[in-house]
Amino acid sequence: MSTAGLLLGVVPHPKSRMRQHDAGMNSSIRIGSGLGFYGDNWEPVVASIEHGNVQFIASDHLAELTLAILQKDRQRDPALGYARDVVPMLLRLWPLMQPRGVRFVCNAGGLNPMGAAQAVRTALAAKGWHPRIAVISGDDVLGQLHHPDVRFDHLMNGSDITTVRERLVFGNAYLGAQPIADALAQGADIVITGRVADAALFLGPLVYGLDWKLHDATREEDLNRLAQGLAVGHLLECSGQGSGGNFGSQGAWQCIPDLAHIGYPIAEVYADGTAVITKPPGTGGRVNFDTVRQQLLYEVHNPHAYFSPDVVLDMGQITLTDEGLDRVRLTGARGTRPPEQLKVVAGFEDGFKADITWGFSWPDAWDKVKAAEAIVRQQLHERKMPFDELFVEYPGLNSAHGALVSLPSAAELNERTEIWVRMVLRTRVKAVADGFGRLFPWMALSGPAYTCGFQGMNNSSQLLGIWPTLIPREQVQARVEMLEGQP
Amino acid sequence: MTDTLRIPLARIAHARSGDKADWVDFGLFAWNEAGYQLIAREVTAARVQAHFAPWLPGQVDAWPLPNILAIKLVLHGALQGGGARNLRLDNLGKAMGAALLRLEIEVTPEELAQALQSPKQGWWPDAPQVTGV
């Protein structure tokens, strides 16, 4: 193993690593979207690299819940805890990126960025490829959250963290674009981070490539172009959702061509912050005023104060303009200085669930479902199985929109071909969750007739609560380490 | 006002929902300026709260964004505490954007006709011509 060099703060890029797209030499940058979540499809990224003329791909592997999944992996094996799809993804994409000088930024490091980087390095080295890989860490603040004399109140409901402190399993601050820009300035071909603000995966390359002020941005013009960069990152961080995927509408989604071959969004960003959102030629999907604005507001709360570690974005004067097929111009983002605190998302153990899904056919399907439910409740009671809640929904009837839509009458439901019920037990006791599925099999021979399917015999899992909070910026120290040479 | 119509938002708008912790947020988008005038008038925080109340009686925040013909909405307490502890099949509220589009608003036939017949602001080269009311 080579020694990883520990480099802190802003380091000027070494002349030996100067390259075509180096800092400050560009009037514009083209950056493409990678994955939008752990498990997403990387094949559309091929078109962005081969036909999209991009200099960077940025890939978001971490939804709010993903660290919870990675925590379970890490409990099983300390070498894990990262989004493992980054390895096959780079085996597919790196040979296409390398000859074109395309650089790659991702947050697939999850809870173990160094582990991810080493896995990537080993896999690529086996093919004879040796990119410079930068590792960004420092987002893990679980230790700080355990300090008894510091308040980490719930960001949304103000609760005191002492109610969950003993049950915390991870806690990560959202880092910003600075360490990513630094890693690129140090010549990294691949940058692997843990938790960073999703949009910072894109803002980092823009700051580096267009030589924007970041921590030293104070003038309105500097802050506004950072806000443009943040908006660009936000538009690209969810892969196909920025180019016509998941387009929520009645009657219009059918007009989006060839979703099977969707092209992920690409942004062309100019030094003044002006941006055009587009996608590779010859791909499916659609980039227009409608598809872009659906993504612009996605998972935004107050649109006049969209927070990030680098800038606060006001969307109130943004203009989106179609300027040709699959080209939308973005202007008017306004930025103000970022807050002194960083957002943290922690997860805590919050009991267990077990769920089963069970169907009955005509005749009297609804009455049989209700009878089965009653038998399950009787068993829970008679066996003294402690639980907090038995949640019941009827897939095909009310699982999408709950009580917004009233159920048909029992008489009508009894005439249906089939009725399905999903019963989910919430309990603090793991053994109760594990035993829930065993309340059912005997009813195949001794319960109501014409059951047409059962799933969930061994279907218990842990539940996790999410604890969003804030931490003073100075308590979080981002680190950039460079992996060089042979593994 | 005998001649007002009740129409679901789906007739004149589109929407996407997302989740953060226990809150579900919605972008609601009119297809054109005429449609935006209607949603800006009808889709208040109180109306959306009343719409979801039989199912999810949480607080609602609303921000109109005339620059992109949109309204941003946030529904608190929508996910049983958050996606990773929510027992619903749709634990992240992905289908809740469609639930918002079921909200019925009152418009006059003339207003509806104008919203449906005005061209979409976005460019849809492959869209079939929208006709009728």
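Where is the place of Pro363(A)? Select Pro363(A) and you land in the loop between strand 14 and helix 10 (365-382) of chain A; helices (H or I, at least four residues) and strands (E, at least two) are DSSP runs, numbered from the N terminus.

A word on the ground rules. This is a predicted model, in which local features need pLDDT of at least 70 and side-chain atom pairs count only at pLDDT 80 or more, while totals for chains, interfaces and linings use all residues. Residues are numbered from 1 along each chain as its sequence is written, and chains are lettered from A and ligands numbered from 1 in the order in which they are written.

**Domains and core**

Colour chain A by domain. The domain assignment gives domain 1 (5-139 + 174-339) and domain 2 (349-465); such bounds come from an automatic or database domain assignment. The C-alpha centres of the two domains of chain A are 42 Å apart.

Next, show the largest nonpolar core, which has 174 residues. A nonpolar core here is a set of buried Ala, Val, Leu, Ile, Met, Phe, Trp, Tyr and Cys residues joined through C-beta atoms within 7 Å. Buried means 20 or more other C-beta atoms within 10 Å of a residue's own, exposed means 12 or fewer, and partly exposed is in between, with C-beta atoms placed from the backbone. Among the residues with the most contacts inside this core are Ile31(A), Val120(A), Ala231(A) and Leu28(B). Strand 14 (residues 341-361) of chain A gives the most to the core, with 9 residues. Domain 1 and domain 2 of chain A both give residues to this core, so it lies between them.

Leaving out residues up to four places away in sequence, Ala231(A) touches Leu296(A), Leu313(A), Ile318(A), Leu330(A) and Ala333(A); contact means that the C-beta atoms of two residues, placed from the backbone, lie within 7 Å.

Then select helix 8 (residues 220-236) and helix 9 (residues 289-296) of chain A, which pack at an angle of about 100° with their axes 8 Å apart. Axes are lines fitted to C-alpha atoms, for helices over the stretch in contact, and angles run from 0 to 180 degrees between N-to-C directions. Helix 8 and helix 9 of chain A are therefore roughly perpendicular to each other. Angles of 65 to 115 degrees get that label, under 35 counts as roughly parallel, over 145 as roughly antiparallel, and the rest as oblique. At the contact, helix 8 of chain A brings Ala231(A), His234(A) and Leu235(A), and helix 9 of chain A brings Val292(A), Gln295(A) and Leu296(A).

**Two loops of chain A**

Jump to Asp211(A), in the loop between helix 7 (200-210) and helix 8 of chain A. Asp211(A) is not a glycine, yet has a positive phi of about 55°. Asp211(A) counts as partly exposed because it has 14 C-beta neighbours inside 10 Å.

Glu166(A) is in the loop between helix 5 (142-145) and strand 6 (168-173) of chain A. Buried or exposed? Glu166(A) counts as exposed, with 9 C-beta neighbours inside 10 Å.

**Over to chain B**

How many residues of chain B are in contact with chain A? There are 43, and they meet 53 residues of chain A. Strand 2 (13-20), strand 3 (23-30), strand 4 (60-65), strand 5 (70-75) and helix 3 (96-101) of chain B each supply at least two residues of this side. Its largest share, 5 residues, comes from strand 2 of chain B.

Select Leu69(B), in the loop between strand 4 and strand 5 of chain B. Leu69(B) also has a positive phi of about 55° without being a glycine, and with 26 C-beta neighbours inside 10 Å it counts as buried.

For the last stop, pick helix 1 (residues 33-42) and helix 4 (residues 109-117) of chain B, packed at about 135° with axes 7 Å apart. These two helices of chain B are therefore oblique to each other. Ala34(B), Gly35(B) and Leu38(B) of helix 1 of chain B meet Glu111(B), Gln114(B) and Ala115(B) of helix 4 of chain B.
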